[in-house]
Amino acid sequence: MDLTKTPGSPPGEPEIREMLLNVGPAHPAMHGIIRIVTKLDGEQIVDTDVEIGYLHRGFEKMAETVDYNGVIPYTDRLNYVSPLINNMGYCMAVEKLLGISVPERCHYIRVIVSEISRITDHLTCVGAGAMELGAFSVFLYMIKAREFLWELVEMVTGARLTVSYCRVGGVKADLPEGFDERCRKALQETRKVLAESDALLTRNRIFVDRMSGTGKISADDAISHGITGPFLRSTGVEYDVRKDCPYAVYDRLQFDVPVGTRGDNYDRFLVRMEEMEQSIRIVEQALRDLPPGPFLAHPETGRPIPAAEMVDEGKIGNIAAIVDARAVTDPTLEGAAKSQHPNIEAGEKRVFLPAKEDTYGNIEGLMQQFKLVMYGHGIRPPKGEVYFPVEGANGELGFYIVSDGTSSAYRVRVRPPCFAIMSALPKLLIGDMIADVTPTFGSVNMIGGELDR
Amino acid sequence: MNAASLIQAVKDRFPAGVKASHSYRGDATVILGREFLLEAARMLKEDTLFQMNFLMDLTAVDFSTFGTKRSPAFFANSGIAVSPSPEIPDADPWPGPPGGHPSAGAAPGTPGPARFVVVYHFFSLPLKHRLRLEIPVGEVEEAEPEVDSLSSLWASADWLEREVWDMFGIRFRGHRHLKRILMYEGFVGHPLRKDYPVNKRQPLIGPVN
């Protein structure tokens with residue numbers, strides 16, 4: 001951008017100059033740390049320069065230094081509003097590299113949690129976007145709904161934000177007891193909130209005036225910039241990884257892909273609102289079709305033994321006393337009991353940790369555990385390279401992994417969906433007013449963790 | 001089109017350019033000489049057979065230490081050899097010609113003698129197929145390896161190429177303003193190169209406008 005241009009004015013006339021305005025890196029209307037240098041003619045944006053990288057943490061470099069399962073906590077921090085989708089994307093990429101597949105119940109669990117994450121992501125995006133335009137109550141309603149869903153996530157994973165739930169070849173634990181009922185209830189509450197927000201926003205004069213016709217992009221430009229997800233669908237292009245390159249069990253579930261027509265902020269809002277409804281549909285179907293899990297043995301009849309006692313019995317060779325017994329383990333291991341294990345992991349001993357009962361109770365389990373967790377051991381995929389895309393909340397989230405046959409990846413590359421959208425930001429902003437930066441940037445749903453990695 | 005017919009179609013158009021190809025785990029991959037890149041990319045975008053309207057991803061891999069990584073645990077190789085299971089094929093699937101980077105001890109099975117490979121992931125929305133194009137660069141010890149820029153064909157290449165320049169130091173011929181994107185101006189080195197230490201620290205030298 002030419003920052004030095006000061007056009008001369010004819011004598012007697014007031015001098016007209018373009019003004020530079022720096023938005024960010026820290027600005028109340030920026031949902032992350034990013035700097036937009038705008039060149040203004042009056043209130044109109046003539047040119048912009050977008051600077052990113054303030055949240056660069058070297059994810060890709062770090063992923064080369066740890067083992068395959070060690071990358072999972074880092075993926076939580078990519079898109080921290082929907083970490084479960086990142087978990088799933090990474091794990092499925094490594095599973096593709098290994099050539100294994102997980103059991104059906106595990107697929108359904110992953111689909112359920114990632115659709116819940118998609119709803120939380122859209123709620124945050126729409127709610128925050130509306131708040132920045134003055135509709136503060138909508139933000140509070142939506143965060144309330146997000147809270148219901150995050151309670152579900154907490155119930156399943158034990159954490160709200162940094163979930164680290166998926167594992168290569170499975171998930172950490174089975175769904176907890178009573179999840180089905182709680183989930184249906186939370187989805188009903190979310191539906192109510194969506195109806196309320198719809199009533200507050202969709203025909204709200206101020207909201208429509210600010211959103212409609214601003215931040216426009218054509219379908220061709222969006223494709224050329226590599227934009228995917230709700231942003232691309234708002235321009236009328238029907239591309240959804242879940243439909244076009246189906247993974248997990250998405251090809252068995254019924255859902256619609258909403259598309260817009262004009263590619264402006266208002267269409268993106270409508271697409272996101274409808275996608276939440278479709279995600280609720282997917283979760284409800286997945287709950288209905290979820291293959292039944294094991295019947296957990298009753299604590300009395302299932303003879304739970306404290307883990308330490310189990311180890312002691314095993315040491316003196318008293319296997320008869322501990323065989324088929326359940327171990328009383330740490331609450332964080334709830335859902336990963338031996339009876340639940342076949343449903344949540346791929347059944348490949350060189351990939352997934354054994355059930356704790358086996359680790360404590362027999363030498364094979366103990367060796368399997370150590371062969372996977374000891375430094376320098378762990379999962380060793382064959383040499384090769386794979387790319388695996390999933391539908392993230394912002395668009396296609398792809399993982400490209402190169403393996404050299406050792407216990408850590410040779411190269412892990414993330415294709416962050418909002419990187420493409422941010423590269424198109426100048427195109428979205430130029431020609432609009434300075435006040436339109438707020439709704440446009442809000443609808444981009446920039447997530448710093450994923451953009452800067 | 002499936003992976004095999006995609007690879008065959010590219011081979012038919014560029015018999016001289018295609019150095020190798022594979023479809024490991026179903027991902028169609030073509031390794032192409034760098035002088036054919038621009039021509040091949042234009043063909044992929046415009047030919048009705050391919051219709052690759054998305055440049056999904058553009059990245060690079062530094063193969064200089066491929067196959068040389070020693071296991072940090074000294075007893076790691078003392079274990080009992082596990083026989084390959086049908087689920088995890090242990091046969092070396094790497095497609096490339098044998099003979100690795102000379103400085104890397106010529107480990108067989110690496111993708112070729114080049115230090116870097118620039119990796120393009122194309123996707124065709126109308127035909128729903130994907131193709132990975134790999135361009136080996138830096139065969140000789142070039143200080144600054146260079147390939148043609150695709151920013152004239154896809155707008156997405158603009159930022160992605162800036163990122164590859166930032167992280168790997170690969171230049172893109174014909175790019176309008178190839179400057180760092182994630183790191184700051186004044187950062188020394190390219191952090192995703194294998195010879196850049198993980199724990200190296202650098203002072204922040206304020207933004208340059």
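**View 1. Chain B has 3 helices and 7 strands.** Helices here are DSSP runs of H or I with at least four residues, strands are E runs of at least two, and both are numbered from the N terminus. Read from the N terminus, chain B goes α-β-β-α-β-β-β-β-α-β. The model is predicted, so to speak of local features takes pLDDT of at least 70 and side-chain atom pairs need 80 or more, while totals for chains, interfaces and linings use all residues. Residues are numbered from 1 along each chain as its sequence is written, with chains lettered from A and ligands numbered from 1 in the order in which they are written.

**View 2. The largest nonpolar core holds 173 residues.** Such a core is a set of buried Ala, Val, Leu, Ile, Met, Phe, Trp, Tyr and Cys residues joined through C-beta atoms within 7 Å; buried means 20 or more other C-beta atoms within 10 Å of a residue's own, with C-beta atoms placed from the backbone. A:Ile401, A:Met422, B:Val118 and B:Phe122 touch the most other members. Helix H4 (residues 104–132) of chain A is the top contributor, with 12 residues.

**View 3. B:Val118 has contacts beyond its sequence neighbours.** Leaving out residues up to four places away, B:Val118 touches B:Ala60, B:Ile135, B:Val137, B:Val147, B:Val164 and B:Ile170. Contact means C-beta atoms, placed from the backbone, within 7 Å.

**View 4. Chain A meets chain B through 45 residues of chain A and 42 of chain B.** Elements giving two or more residues to chain A's side include helix H3 (83–98) and strand S9 (396–403).

Definitions and conventions. Buried ≥ 20, exposed ≤ 12 C-beta atoms within 10 Å, placed from the backbone. Contact = placed C-beta atoms within 7 Å.
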